[in-house]
Amino acid sequence: MSNRSRNVGRAGRPPRSILALLAIGAVVALAAAGWYGLRGRSGESALVRTDDQNVLLITIDTLRADALGCYGGPAATPAIDRLAGSGTRYTFAHAPAPLTLVSHATILSGLHPFQHGIRDNSGFRFPTSIPTLATRLKAAGFATGAFVGAFPLHSQFGLNRGFDVYDENFKESTLPADFAISERPATAVVAAARSWIAQQRGRWFAWVHVFDPHAPYRPPEPFASQYAGHAYAGEVAATDAALAPLLADAGAAIGRRTLVVLTGDHGEALGDHGEQTHGLFAYESTLRVPLVIAQVGGASPGRSGGAVSDDSVRHIDIVPTVIDVIGTRSDPGLPGRSLLSPAPAITVSYFEALSASLNRGWAPLTGVIAGHEKLVDLPVPELYDLTSDPQERTNVADRAGDRRRVLEAHLRELKAAGPVERRQEDPATLARLKALGYVSGREAGPHQGRYTENDDPKRLIEIDQKIHDAIDRFQRGDAA
């Protein structure tokens, strides 16, 4: 399967109440953004350039931006809200793909998926020739540690290069067809990270990845009771609580500032456009992510934070920003920009969702966002004005020929070639990824001939829904 095969509610349908809460949250976020605007919007960066600081990268799996409290969402997230209040919160940040391994390869390398070569959660390895944030900071004298929460980021996929410690002590699935999760809770990931950080005396770079908001949504108490009927929001609130000690440590440290970058690897559909989780489509519910950047701790405070930026930003901008803030040599080969520099008039964001094409033989999905216009390149093309239609309800591809051609030209200029080589995974790896719902029962071969409307994922969404329903029934004991 192209995405995690878990359902939000019975038969894979999320409760209407959580969708309503998310919609209300979006309205509240707009009001909150206006209040923050009095304090500075898209203005001078609150970051201070210095090589004497630590770097903390926090990636939260499957995190919709509009779920967080500071974005007006239904989940209480006081720790992340405080971080946003001390730095800059970006309202228009996008992932390159709705898949864990693909997005993290981009976050750590600063490259588009078609440049680093990771196009799905299976069948690809990160190239040893490409620098990562870990290799760059290790070369600059940083101690480097990674603490990951789930199997899609296992060291065998290649993202461990450059880390002195790559802590992946998550629970293993033992049964090939039990759909168990090879993960560990955020509390355990954070405990391991805090222990390692406490031992460091010089500059350090820590990457902390937590998996909890990923389906199935089973928040621990008291969040299960507090968010009864809204389990996804409960998972987000529980994740915030788990991260609170880590963020508190960074903020309380007086010896050296810490640059904190917090983002989601991708979002979650929660039933939007008929998709239950993520990986099939690339609508804003799975592509738009939170991004908060702040400097905390240190003997003297940095510039005041609490800024909100509406600039278009991307995962490819994280590496250039970090190396700019800590004063290491910039890399002109990176396609992204430092967020300390002025935003260009138009930022082009590339995205893709190729899992269904690779695993099921469906049409590949690629696209671009330029400004606030979004092109989804499929046999049935889609074009949305995200300013007037943020929910992507009205496809204007047939009515906006000139705008569509401009976006198509942007996509062509990127030369985003499709996957070239995909390796055959060993049976053990395939079994563990199937337990996460990331691969189908068989690997699809290359598509022969031209894709038609019948290959468009929009035309095949009922199949995806039936797969989710079947797994939901299996989990509830209805194997027959």
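Biologist: Is Tyr166 buried or exposed?

Modeller: In this predicted model, local features need pLDDT of at least 70, side-chain atom pairs count only at pLDDT 80 or more, and totals for chains, interfaces and linings use all residues. Residues are numbered from 1 along each chain as its sequence is written, and side-chain values use heavy atoms, with hydrogens and water left out. Buried means under 20% relative accessible area, exposed over 50% and partly exposed in between, with a 1.4 Å probe and protein chains only. Since Tyr166 has a relative accessible area of 15%, the residue is buried.

Biologist: How are the rings of Phe163 and Tyr166 arranged: stacked, edge-to-face or tilted?

Modeller: Rings of Phe, Tyr and Trp (its six-membered ring) pair if their centres lie within 6.5 Å, and planes under 30 degrees apart count as stacked, over 60 as edge-to-face and the rest as tilted. The centres of Phe163 and Tyr166 are 5.9 Å apart and their planes stand at 55°, so the pair is tilted.

Biologist: Which residues do ring pairs link into a cluster?

Modeller: Phe163 counts as buried at 11% relative accessibility. Ring pairs link this residue into a cluster whose members are Phe163, Tyr166, Phe205 and Trp207.

Biologist: With which side chain does the side chain of Thr59 make a polar contact?

Modeller: Thr59 is buried, with a relative accessible area of 0%. A polar contact is a pair of N or O atoms within 3.5 Å; within protein, one must be able to donate a hydrogen and the other to accept it, and residues adjacent in sequence count only if both atoms are side-chain atoms. At 3.0 Å, the partner of the Thr59 side chain is the side chain of Trp207.
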